[in-house]
Amino acid sequence: MSAIHTWACLLLWIGFATQDKTPDVTVTCFVSEECVLPCSFKPGSKETIVWFRQDVVVYKFERGGGDDDDDEDDDDDDDDDNDSSSEEHRDPKQLEGRASVFPHLVSRGNATLILRSSGLKDRGTYRCHVRTSSGEHNAKVILKVEAPIRLLSLELSRLSGYEEMKCSIRNVFPAPRVAWATEPPTFEDLRPVTRMLADKQGLYTVDSRLRLLNGRPDLIYICKVTTPYGSPAWTASLREREIKGTQGRDLTIPCSAPPYLNNPALDWSFSRGDDPSHILTYDIRSGYSVFTPPWDKTVELDGFRVPFGDGSLRLMDPKGGEHTGSYACTFSLPYITHTDRTDVTIDGPVGQQRKPWEPSYWWIVGLVITGLVLALAGLLAFLKVKGNLGRKPRNDPEEVTELHLVKDPTADRNPNESSAFNAGGTNGQSGPQTGTRLT
């Protein structure tokens, strides 16, 4: 009989324990926000609530005094009277006075713990233990604290000496996973470089870079970030273009959404340097565009094409000084953005005539060319004259010999005339001769 009685008591205890057993609850809270750890029990009287974290008491609430009715319709005055005899105990080393319960809900079986300004150090397994006049209750809560992604940035960078896509996230926890892709897909192996750095609070800063592929100017680069806690994945994509237009001639700036975006919102912006300006916003639900002056008189958007992924912008009568810059169209959905960024250069009109009041500098070019021609002609003339003057007379032995061999025709006629001619000579110099006739 004793053995049967013992087994009966054991089974009865197991039945009560199983009936009071509640499944574990997992709660995920955000950094610096309020966190709620649920705990409910069967209402009774003389409640004592104790919250543990890893078996260390972090919060305690006690209420003693008179008998409390089990009726759930107790008025607020009775609750206030019961609250006057309640007492809270907080461990300053654990939750630093940031934890509390709702005293007016305790009599209704609510021992939920409110944790304000939650942080990464609050993570762990919590246990709620409640003791009342009608029994005890235990519940377990697993608390996860997360710093979710608030913003995903994707931009083109040239700081490394070459063009690369830079995907960055700030102040996130736990450490996310970064993946890269292209649209359309390529057969080349993408080799991004990803760096993660945690600050004193344990929050991560993520910087992932991917070098641009050669020969693919219109390729879309996609950066996707996921977290281990199952929060929504964030995706950002970017395409870079360069086009040229002519002043005074309408120009269409292309903008197209990737095929994986369905009915996104559209925004256009313009920047020249560090001063961006908003152009327009297209509301996909209403089908209307809201322009920002003075762009409403300069651009046009075909709203019928936007739902099909074509958000191209028409720039009317562009002017080089005003409309040269970077234009960005951004398609956006929750957690997904795509940007087409186009660098536009507006040149002067073809065959533009010079206005009368505009100075001309062609005469300077003509003057320089004329001066060069005159200088070259003078140099050639100087070299020619210098070459002629540099030639010195010289006595050719053959030429002298020939002069001596020539016979004087007057020598046979009269010896006296010959002597007289020789006496009146000029010492061997050629040329006309003059003499004195002898009688």
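**View 1. Four disulfides in a predicted model.** This structure holds four disulfides. The model is predicted, not taken from an experiment. Number the bonded cysteines in sequence order, and the pairing reads 1-2, 3-4, 5-6, 7-8.

**View 2. The link between Cys-29 and Cys-35.** Look along the S-S bond. The torsion there is about 55°, so this disulfide is right-handed. Both ends are hidden from the surface: Cys-29 is buried, and Cys-35 is buried too.

**View 3. The link between Cys-39 and Cys-128.** Here the S to S distance is 2.1 Å. The torsion about the S-S bond of Cys-39 and Cys-128 is about -70°, so the disulfide is left-handed. This pair ties together distant parts of the chain, 89 residues apart. Cys-39 sits in the loop between strand 2 (35-37) and strand 3 (48-53). Cys-128 lies in strand 8 (residues 124-132). Cys-39 and Cys-128 are both buried.

**View 4. The link between Cys-255 and Cys-329.** The two sulfurs of this disulfide are 1.9 Å apart. The angle about the S-S bond is 95°, and the link is right-handed. Cys-255 is buried, as is Cys-329.

Terms used: Residues are numbered from 1 along each chain as its sequence is written. This is a predicted model: local features need pLDDT of at least 70, side-chain atom pairs count only at pLDDT 80 or more; totals for chains, interfaces and linings use all residues. Side-chain values use heavy atoms; hydrogens and water are left out. A disulfide is a pair of cysteine sulfur atoms within 2.5 Å. Buried means under 20% relative accessible area, exposed over 50%, partly exposed in between (1.4 Å probe, protein chains only). Helices (H or I, at least four residues) and strands (E, at least two) are DSSP runs, numbered from the N terminus.
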